[in-house]
Amino acid sequence: MSSQSDKPGQTRERLERLARLIRGAGNAEGLVPAQWDVLRYLARANRFSNSPRAAAHYLGATKGTISQTIQALQRKGLLRSLGRADDARSVALELTEAGVAMLEKDPLNALAGALDELGDKTAKRFHKAVSSLLEGEIARQDMPVFGVCEGCSLFLRGDQPACAGFALRLEARDIGRLCQKFRPIRDK
(Lines give C-alpha, C1' and ligand atoms only; values in the text may rest on other atoms or scores of the structure.)
Protein backbone atom coordinates (compact mmCIF):
# COMPACT_ATOMS: atom_id res chain seq x y z
CA MET A 1 0.00 0.00 0.00
CA SER A 2 1.12 3.51 -0.76
CA SER A 3 2.39 5.77 2.00
CA GLN A 4 0.90 8.76 0.20
CA SER A 5 -2.51 10.11 1.04
CA ASP A 6 -5.17 7.83 -0.32
CA LYS A 7 -7.60 9.08 -2.92
CA PRO A 8 -11.32 8.88 -1.97
CA GLY A 9 -11.98 6.37 -4.78
CA GLN A 10 -9.26 4.05 -3.52
CA THR A 11 -10.55 4.32 0.05
CA ARG A 12 -14.07 3.54 -1.16
CA GLU A 13 -12.82 0.50 -3.08
CA ARG A 14 -10.86 -0.77 -0.07
CA LEU A 15 -13.83 -0.26 2.21
CA GLU A 16 -16.06 -2.13 -0.23
CA ARG A 17 -13.57 -5.00 -0.55
CA LEU A 18 -13.18 -5.21 3.24
CA ALA A 19 -16.98 -5.35 3.58
CA ARG A 20 -17.17 -8.13 0.96
CA LEU A 21 -14.42 -10.15 2.66
CA ILE A 22 -16.19 -9.77 5.99
CA ARG A 23 -19.54 -10.77 4.46
CA GLY A 24 -17.85 -13.76 2.81
CA ALA A 25 -16.49 -14.88 6.17
CA GLY A 26 -20.12 -14.86 7.30
CA ASN A 27 -20.62 -18.15 5.47
CA ALA A 28 -19.19 -19.91 8.52
CA GLU A 29 -20.61 -22.42 10.95
CA GLY A 30 -23.45 -23.28 8.57
CA LEU A 31 -24.90 -19.76 8.65
CA VAL A 32 -25.24 -17.15 5.94
CA PRO A 33 -24.40 -13.48 6.54
CA ALA A 34 -28.05 -12.45 7.07
CA GLN A 35 -28.37 -15.04 9.84
CA TRP A 36 -25.24 -13.72 11.56
CA ASP A 37 -26.64 -10.20 11.26
CA VAL A 38 -29.89 -11.16 13.02
CA LEU A 39 -28.05 -13.03 15.78
CA ARG A 40 -25.74 -10.05 16.36
CA TYR A 41 -28.64 -7.62 16.42
CA LEU A 42 -30.72 -9.67 18.86
CA ALA A 43 -27.73 -10.10 21.17
CA ARG A 44 -27.59 -6.28 21.46
CA ALA A 45 -31.31 -5.36 21.33
CA ASN A 46 -33.31 -4.42 24.41
CA ARG A 47 -36.65 -6.05 25.27
CA PHE A 48 -38.55 -3.33 23.38
CA SER A 49 -36.56 -3.82 20.18
CA ASN A 50 -36.25 -7.60 19.85
CA SER A 51 -39.01 -7.93 17.27
CA PRO A 52 -38.84 -8.95 13.61
CA ARG A 53 -39.92 -5.44 12.59
CA ALA A 54 -37.20 -3.72 14.64
CA ALA A 55 -34.59 -6.17 13.30
CA ALA A 56 -35.68 -5.37 9.74
CA HIS A 57 -35.41 -1.62 10.40
CA TYR A 58 -32.01 -1.89 12.05
CA LEU A 59 -30.57 -4.12 9.34
CA GLY A 60 -32.21 -2.26 6.45
CA ALA A 61 -33.79 -5.53 5.30
CA THR A 62 -37.24 -6.39 4.03
CA LYS A 63 -39.84 -8.04 6.25
CA GLY A 64 -39.72 -11.09 3.98
CA THR A 65 -35.96 -11.49 4.28
CA ILE A 66 -36.11 -11.12 8.06
CA SER A 67 -39.02 -13.56 8.30
CA GLN A 68 -37.16 -16.22 6.30
CA THR A 69 -33.97 -15.61 8.28
CA ILE A 70 -35.81 -15.94 11.60
CA GLN A 71 -37.46 -19.18 10.48
CA ALA A 72 -34.08 -20.62 9.46
CA LEU A 73 -32.53 -19.64 12.81
CA GLN A 74 -35.46 -21.21 14.66
CA ARG A 75 -35.05 -24.47 12.69
CA LYS A 76 -31.36 -24.46 13.66
CA GLY A 77 -32.34 -24.03 17.32
CA LEU A 78 -30.54 -20.67 17.63
CA LEU A 79 -33.57 -18.48 18.16
CA ARG A 80 -37.03 -18.71 19.71
CA SER A 81 -40.12 -16.58 19.28
CA LEU A 82 -42.18 -15.64 22.32
CA GLY A 83 -45.52 -13.90 22.58
CA ARG A 84 -45.63 -10.50 24.26
CA ALA A 85 -47.97 -10.14 27.25
CA ASP A 86 -48.72 -6.51 26.36
CA ASP A 87 -49.40 -7.04 22.62
CA ALA A 88 -50.87 -10.25 21.22
CA ARG A 89 -49.97 -9.17 17.66
CA SER A 90 -46.27 -8.86 18.40
CA VAL A 91 -43.55 -11.39 19.17
CA ALA A 92 -40.29 -11.11 21.03
CA LEU A 93 -37.27 -12.87 19.59
CA GLU A 94 -34.75 -14.39 21.95
CA LEU A 95 -31.47 -16.18 21.41
CA THR A 96 -31.34 -19.72 22.74
CA GLU A 97 -28.29 -21.01 24.61
CA ALA A 98 -27.14 -22.47 21.30
CA GLY A 99 -27.58 -19.03 19.68
CA VAL A 100 -25.49 -17.37 22.37
CA ALA A 101 -22.85 -20.08 21.96
CA MET A 102 -22.87 -19.59 18.17
CA LEU A 103 -21.99 -15.92 18.65
CA GLU A 104 -18.79 -17.04 20.37
CA LYS A 105 -17.79 -18.36 16.91
CA ASP A 106 -18.78 -15.14 15.12
CA PRO A 107 -16.37 -14.50 12.24
CA LEU A 108 -16.43 -10.78 13.09
CA ASN A 109 -14.54 -11.55 16.30
CA ALA A 110 -11.36 -11.69 14.19
CA LEU A 111 -12.04 -8.17 12.90
CA ALA A 112 -12.57 -6.95 16.47
CA GLY A 113 -9.15 -8.34 17.33
CA ALA A 114 -7.59 -6.61 14.32
CA LEU A 115 -9.18 -3.30 15.38
CA ASP A 116 -7.68 -3.71 18.85
CA GLU A 117 -4.25 -4.04 17.23
CA LEU A 118 -4.53 -0.64 15.49
CA GLY A 119 -3.47 1.19 18.60
CA ASP A 120 -5.61 3.40 20.78
CA LYS A 121 -5.29 6.66 18.84
CA THR A 122 -5.83 5.07 15.41
CA ALA A 123 -8.71 2.95 16.71
CA LYS A 124 -10.44 6.05 18.12
CA ARG A 125 -10.01 7.93 14.83
CA PHE A 126 -11.25 4.93 12.86
CA HIS A 127 -14.29 4.60 15.15
CA LYS A 128 -15.07 8.29 14.75
CA ALA A 129 -14.73 8.12 10.96
CA VAL A 130 -16.88 5.00 10.60
CA SER A 131 -19.49 6.43 13.00
CA SER A 132 -19.63 9.64 10.97
CA LEU A 133 -20.03 7.71 7.70
CA LEU A 134 -22.74 5.53 9.23
CA GLU A 135 -24.65 8.52 10.63
CA GLY A 136 -24.52 10.20 7.24
CA GLU A 137 -25.79 7.13 5.42
CA ILE A 138 -28.57 6.58 7.97
CA ALA A 139 -29.68 10.19 7.44
CA ARG A 140 -29.36 9.95 3.65
CA GLN A 141 -31.54 6.83 3.55
CA ASP A 142 -33.87 8.17 6.27
CA MET A 143 -33.35 5.04 8.36
CA PRO A 144 -34.01 4.68 12.10
CA VAL A 145 -30.98 5.56 14.21
CA PHE A 146 -30.99 3.01 17.10
CA GLY A 147 -28.75 3.53 20.11
CA VAL A 148 -28.45 3.00 23.86
CA CYS A 149 -30.06 4.83 26.77
CA GLU A 150 -27.02 6.82 27.87
CA GLY A 151 -27.06 8.85 24.66
CA CYS A 152 -30.86 9.11 24.34
CA SER A 153 -32.96 12.20 25.01
CA LEU A 154 -35.86 9.94 26.11
CA PHE A 155 -33.83 8.35 28.92
CA LEU A 156 -35.02 9.44 32.35
CA ARG A 157 -32.21 8.95 34.85
CA GLY A 158 -32.71 8.50 38.56
CA ASP A 159 -33.32 5.85 41.18
CA GLN A 160 -35.90 4.26 38.88
CA PRO A 161 -34.57 4.75 35.31
CA ALA A 162 -37.33 5.00 32.74
CA CYS A 163 -37.96 5.63 29.06
CA ALA A 164 -40.23 8.52 28.08
CA GLY A 165 -40.66 6.94 24.63
CA PHE A 166 -42.17 3.77 26.03
CA ALA A 167 -43.50 5.39 29.24
CA LEU A 168 -42.04 2.46 31.16
CA ARG A 169 -39.43 1.85 33.81
CA LEU A 170 -36.27 0.29 32.52
CA GLU A 171 -34.58 -2.82 33.77
CA ALA A 172 -30.81 -2.77 34.15
CA ARG A 173 -30.50 -5.19 31.22
CA ASP A 174 -32.24 -2.69 28.89
CA ILE A 175 -30.01 0.33 29.52
CA GLY A 176 -26.89 -0.68 27.58
CA ARG A 177 -28.73 -2.32 24.68
CA LEU A 178 -29.90 -1.10 21.28
CA CYS A 179 -33.32 0.53 21.19
CA GLN A 180 -35.57 1.37 18.27
CA LYS A 181 -36.99 4.47 20.04
CA PHE A 182 -33.53 6.02 20.41
CA ARG A 183 -33.44 9.79 19.95
CA PRO A 184 -29.91 11.17 20.16
CA ILE A 185 -29.14 13.95 22.59
CA ARG A 186 -28.26 16.93 20.43
CA ASP A 187 -25.66 19.42 21.60
CA LYS A 188 -27.16 22.86 22.04
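Asn 46 touches Asp 174, Arg 177, Leu 178 and Cys 179, when residues up to four places away in sequence are not counted; contact here means heavy atoms within 4.5 Å. The model is predicted, so that local features need pLDDT of at least 70 and side-chain atom pairs count only at pLDDT 80 or more, whereas totals for chains, interfaces and linings use all residues. Residues are numbered from 1 along each chain as its sequence is written, and side-chain values use heavy atoms, with hydrogens and water left out.

Asn 46 is placed in the loop between helix 2 (33–44) and helix 3 (52–59). Helices (H or I, at least four residues) and strands (E, at least two) are DSSP runs, numbered from the N terminus. With a relative accessible area of 2%, Asn 46 is buried; buried means under 20% relative accessible area, exposed over 50%, and partly exposed in between (1.4 Å probe, protein chains only). A polar atom of the Asn 46 side chain lies 3.0 Å from the backbone nitrogen of Phe 48.

Within helix 2 itself, Gln 35 is also a buried residue, at 8% relative accessibility. Neighbours within four places in sequence aside, Gln 35 is in contact with Gly 30, Thr 69, Ala 72, Leu 73 and Lys 76.

Strand 1 (residues 79–84) and strand 2 (residues 87–95) pair in the antiparallel sense over six bridges, where pairing requires that DSSP finds at least two bridges between two strands. The two strands form a hairpin with two residues between them. Arg 84 has Asp 87, in strand 2, as its bridge partner.

A further set of strands forms an open sheet: three strands in the order 3-4-5, with antiparallel pairing. Strand 3 (155–156) and strand 5 (168–169) are the edge strands, each pairing on one side only. Strand 4 (residues 162–163) is joined to strand 5 by two bridges, and Cys 163 has Leu 168 of strand 5 as its bridge partner.

Phe 126 is found in helix 7 (residues 120–140) and is partly exposed, at 37% relative accessibility.

Notes: A polar contact is a pair of N or O atoms within 3.5 Å; within protein, one must be able to donate a hydrogen and the other to accept it, and residues adjacent in sequence count only if both atoms are side-chain atoms.
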